[in-house]
Amino acid sequence: GSFTSSLKGSFTSSLNGSFTSPVVVNTPPTPIDKVNVIHKHNAVAMRETFKRRASIVRRQSTKCCFEVLVTNWAETVEAGAEQFRYPVKVEDVVEMIKANEKIRCSGALHSCAPLIESQGIILSLTKLDQIISIDTTARIVRMQAGVRMHDLCAYLADYCLAVGTLGTIDWQTICGAVMTGTHGGGLTIPSLHDFVRSYTIVLPDGALKRVDKETSPSLFRAMAPSMGLFGAVVEMEMAVVPLEILEAKMISIPMEDVIQCFDNLMKTNKYARVVVYPTIKKATIWTANPVASREAAVANGATNNVGYTNFRNEEEKNMLESFLDLCNDNEFERADEVLECVLESQISRLNHYVGQYNHVLCLERNNGIPHADIEMNFSYEKYREVLKTVFNYYKTNRLPYYNFEIRTTNQDDAFLSCCQSRRGMWIDFQAKASISNNFFKVMTSLLKQYGYRKHWAKGMDNSDPRYIVDQFPDIAKFIEAVKLIDPNGKFRNEDGESWFQALDLLTGDWSESIKEETIVLREQLVEEEKKSECCLIAVCDG
């Protein structure tokens with residue numbers, strides 16, 4: 001599909017062009033020497049060419065042959081192209097699962113965690129991209145797992161409906177977004193998985209199972225976020241909401257003023273996002289609220305934006321690239337001057353505008369700059385202490401990136417949800433992949449005292465399994481569900497297996513009351529399986 005066409009296009013032309021001359025190296029090449037197919041000075045062109053596609057790199061071996069690799073958007077994970085399979089029917093998924101011992105599923109490759117790494121095949125579900133039906137009265141849409149978020153948004157808009165919440169991008173697959181715990185930025189709005197009403201999943205043995213809250217309540221709570229540990233989800237039913245026109249505003253304030261206005265900001269706006277720039281001691285406050293009509297917002301001074309409104313346009317992105325380059329050269333004063341220009345440009349564009357729901361909320365439609373993330377979720381009630389600690393730290397320490405972001409989300413009841421049983425405040429720290437590990441280690445150590453829960457899809461490096469167990473009260477129930485559904489670990493890669501074993505060992509040492517709860521859960525799951533099998537037999541007999 002798209003990957004093959006990329007091979008026929010840019011990659012082939014690169015081989016026929018710039019790589020026709022011998023590659024000069026100072027040391028003998030080894031199988032792990034990697035060279036970017038498209039050089040750094042073409043980075044902007046690369047993002048345009050491979051928009052919403054995996055990047056392509058080559059690996060030079062001692063035999064002078066090339067292994068084509070696929071990388072995720074953040075450039076933190078890579079996999080061999082030969083591992084990918086592209087089923088076009090549910091029957092294809094069933095056969096591939098039956099025929100292989102180790103499997104991981106992939107969507108748009110947005111996560112910076114090693115979720116797609118596989119010791120076997122990688123099932124790309126991007127060709128299962130059909131929207132099957134919509135019930136406009138019940139506001140339920142049924143779709144295949146590989147439907148892209150922007151396609152779903154466009155489809156729903158024709159019915160004056162919308163996805164219940166959106167992250168800052170919309171080129172994810174809908175299932176990938178749900179499985180990894182994607183959330184928006186509104187204190188009254190839960191994460192995306194809370195809008196799902198049913199999953200149709202191909203289990204490790206190839207059986208097809210429907211999971212919903214009514215007939216499989218325990219397994220349903222375990223399904224998302226679960227990073228694909230139960231099998232391959234091929235279909236979902238999701239509740240949707242009325243389409244809104246949003247009036248958005250952005251202002252800049254001193255960083256030190258954020259704490260004082262934070263609670264009121266989050267409670268009086270339906271959508272809000274705080275982006276902090278510690279090196280220049282400023283923050284931008286972005287808000288969006290429903291309005292009766294575009295005309296009403298325009299009469300109030302808003303600019304009418306017909307299409308997507310990017311948080312950063314291409315010129316601002318280029319300036320941020322310059323900021324990072326200057327920081328690498330230790331030219332921090334010049335770098336901060338560039339950052340001031342970025343904020344001035346943003347405020348002039350985004351100070352007051354109106355647009356369609358998804359066109360306003362999907363702020364990073366142009367992909368942004370590739371980076372690694374660590375996103376930490378805190379109880380909303382601790383916002384003051386957490387922010388005070390972070391801001392005090394950056395009074396004397398320089399952030400190795402240009403910003404960090406703060407959003408909020410309502411609670412839900414999923415076993416592995418960072419917002420399980422509590423409203424959450426998210427802080428998303430970002431850095432270029434090459435320097436992210438040490439930086440993230442510092443942040444986790446600094447904020448450990450406040451009981452954070454990490455976003456599962458944004459890297460679990462520097463995490464103590466014992467700390468994870470302490471922060472997720474129902475993690476033992478999740479582990480029991482995984483042991484029942486996939487006891488042999490067909491859908492676990494090496495990283496997932498190591499985490500599974502550590503968490504299983506730790507939760508096995510819990511108190512007798514917790515053990516009793518997990519035993520009851522196992523009995524419930526077994527009973528759910530029996531009911532599901534009876535329903536399947538009845539359907540087949542019918």
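Two strands are taken to pair if DSSP finds at least two bridges between them; helices (H or I, at least four residues) and strands (E, at least two) are DSSP runs, numbered from the N terminus. The structure is a predicted model, in which local features need pLDDT of at least 70 and side-chain atom pairs count only at pLDDT 80 or more, whereas totals for chains, interfaces and linings use all residues. Residues are numbered from 1 along each chain as its sequence is written, and side-chain values use heavy atoms, with hydrogens and water left out.

Under the pairing criterion, β6 and strand β7 (residues 121–124) are joined in the parallel sense over four bridges, and Ser106 has Ser124 of β7 as its bridge partner. These strands belong to an open sheet of three strands with parallel pairing, in the order β5-β7-β6. Because β5 (84–85) and β6 (103–106) stand at the edges with a single partner strand each, one side of each is left without a neighbour in the sheet. Helix α3 (residues 90–99) packs on this sheet and touches β5, β6 and β7, contact meaning heavy atoms within 4.5 Å. The direction of α3 makes about 170° with that of β7; axes are lines fitted to C-alpha atoms, for helices over the stretch in contact, and angles run from 0 to 180 degrees between N-to-C directions.

An antiparallel pairing is found between strand β8 (residues 131–135) and strand β9 (residues 140–144), again over four bridges. Asp135 has Ile140 of β9 as its bridge partner. The hairpin of β8 and β9 has four residues between the strands, and Arg139 takes a positive phi near 60° in this hairpin.

Burial was examined for helix α7 (residues 258–268), whose buried residues are Val258, Ile259, Phe262, Leu265 and Met266. Buried means under 20% relative accessible area, exposed over 50%, and partly exposed in between (1.4 Å probe, protein chains only). Seen down the axis of α7, the buried residues fall within an arc of 105°, so they line one face of the helix; the arc is that of the directions from the helix axis to the C-beta atoms. The exposed residues Gln260, Asn264 and Lys267 are carried on the face of α7 turned away from its buried side. The cover over the buried residues of α7 includes strands β14 (245–254), β15 (271–277), β16 (282–291), β20 (404–409) and β21 (424–431), together with helix α12 (383–396).

Salt bridges, defined by a side-chain nitrogen of Lys or Arg within 4 Å of a carboxyl oxygen of Asp or Glu, number 25 in the whole structure. One of them joins Arg273 and Glu405, with the closest N and O atoms 2.9 Å apart. This pair links distant parts of the chain, Arg273 in strand β15 and Glu405 in strand β20, 132 residues apart. Both partners are buried: Arg273 has 2% relative accessibility, and Glu405 has a relative accessible area of 5%.

Glu314 is partly exposed at 28%, whereas Lys317 is buried at 2%.

Arg423 and Glu381 form a further salt bridge, their closest N and O atoms being 2.8 Å apart. The pair spans 42 residues, from Glu381 in the loop between β19 (372–379) and α12 to Arg423 in the loop between β20 and β21. Arg423 is partly exposed at 27%, and Glu381 is exposed at 54%. Salt bridges that share partners also join Asp373, Glu375, Arg407, Asp428 and Lys458 into one network.

Aromatic pairs were counted for rings of Phe, Tyr and Trp (its six-membered ring) with centres within 6.5 Å, planes under 30 degrees apart being stacked, over 60 edge-to-face and the rest tilted. The count comes to 19 pairs. Among them, Phe323 and Tyr402 are edge-to-face, with 6.3 Å from centre to centre and 75° between the planes. Phe323 in helix α9 and Tyr402 in the loop between α12 and β20 are 79 residues apart and so connect distant parts of the chain. Phe323 is buried at 1%, as is Tyr402 at 3%. One aromatic cluster is formed by Phe391, Tyr393, Tyr394, Phe404, Phe429, Phe439 and Phe440.
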